[in-house]
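The notes follow the order in which I turned to each place.

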Amino acid sequence: MITNEPANKFKGVNMKAIVVNRLKREFHRRGIQITAGAINILDDHIHRQIVNMAGRCKDGNVKRLTEDLIWVAIGKPNG
């Protein structure tokens, strides 16, 4: 079958559900209950961090974020 859609190994995967499950698992491993409201606040905080990282990449003229350039997104000097 020929398609115009790019190959994507995450096709059909709900990434937010994966992130929420990982977040809940980490708190559970430490014996901490977490409410839906706290999860939403953490989700918002993580989203803001991602927005900041994308902005640093844009400001640093990064066209493709790779392992070698991850320092630009994180905001630490290379080296």
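I began with Asn61, which counts as exposed because its relative accessibility is 57%; here buried means under 20% relative accessible area, exposed over 50%, and partly exposed in between, with a 1.4 Å probe and protein chains only. Asn61 sits in the loop between helix 2 and helix 3 (70-74), and its phi is positive, about 60°, although the residue is not a glycine. I set beside this the general rule that most residues other than glycine have a negative phi.

Before going on, I noted that this is a predicted model, in which local features need pLDDT of at least 70 and side-chain atom pairs count only at pLDDT 80 or more, while totals for chains, interfaces and linings use all residues. Residues are numbered from 1 along each chain as its sequence is written, and side-chain values use heavy atoms, with hydrogens and water left out.

**Overall layout**

I looked up the elements next and found three helices and zero strands in the protein, running α-α-α from the N terminus on. Helices (H or I, at least four residues) and strands (E, at least two) are DSSP runs, numbered from the N terminus. Of the 79 residues in the protein, 9% are buried. The accessible surface comes to about 7,300 Å², and carbon and sulfur atoms hold 56% of that surface; such areas come from the Shrake-Rupley method with a 1.4 Å probe, and for residues only the protein chains shown count as cover.

**Helix lengths and ends**

I then checked the spans, for which the expected value is 1.5 Å times one less than the number of residues. Helix 1 has 15 residues and reaches 21 Å from its first C-alpha to its last, close to the 21 Å expected. Helix 2 (residues 36-59) has 24 residues and should span 34 Å, and its end C-alpha atoms are 35 Å apart, which agrees. After helix 1 comes Gly31, with a positive phi near 75°. Asp59 belongs to helix 2 and is exposed, with a relative accessible area of 69%. From Asp59 I also looked across to Ala73, 14 residues apart along the chain, and the C-alpha atoms of the two are separated by 9.8 Å.

**Where helix 1 meets helix 2**

How do the axes of helix 1 and helix 2 cross, and at roughly what angle? They come within 11 Å of each other and cross at roughly 115°, where axes are lines fitted to C-alpha atoms, for helices over the stretch in contact, and angles run from 0 to 180 degrees between N-to-C directions. In the contact itself (heavy atoms within 4.5 Å), I listed Lys16, Val20, Leu23, Lys24 and Phe27 from helix 1, which meet Ile39, Leu42, Asp43 and Ile46 from helix 2.

**Salt bridges**

How many salt bridges does the structure hold? I noted four, a salt bridge being a side-chain nitrogen of Lys or Arg within 4 Å of a carboxyl oxygen of Asp or Glu.

One of them pairs Lys16 with Asp43, whose closest N and O atoms are 2.8 Å apart. This pair links distant parts of the chain, with Lys16 in helix 1 (residues 15-29) and Asp43 in helix 2, 27 residues apart. Both partners are partly exposed: Lys16 has 47% relative accessibility, and Asp43 has 27%.

Another joins Arg29 to Glu26, with 3.0 Å between the closest N and O atoms. Arg29 and Glu26 are three residues apart in helix 1, so about one helical turn separates them. Arg29 counts as exposed at 59% relative accessibility, whereas Glu26 is partly exposed at 33%.

As a general point, an α-helix has 3.6 residues a turn, so residues three or four places apart point the same way. Asp44 is partly exposed at 34% relative accessibility, and Arg48 is exposed at 52%.
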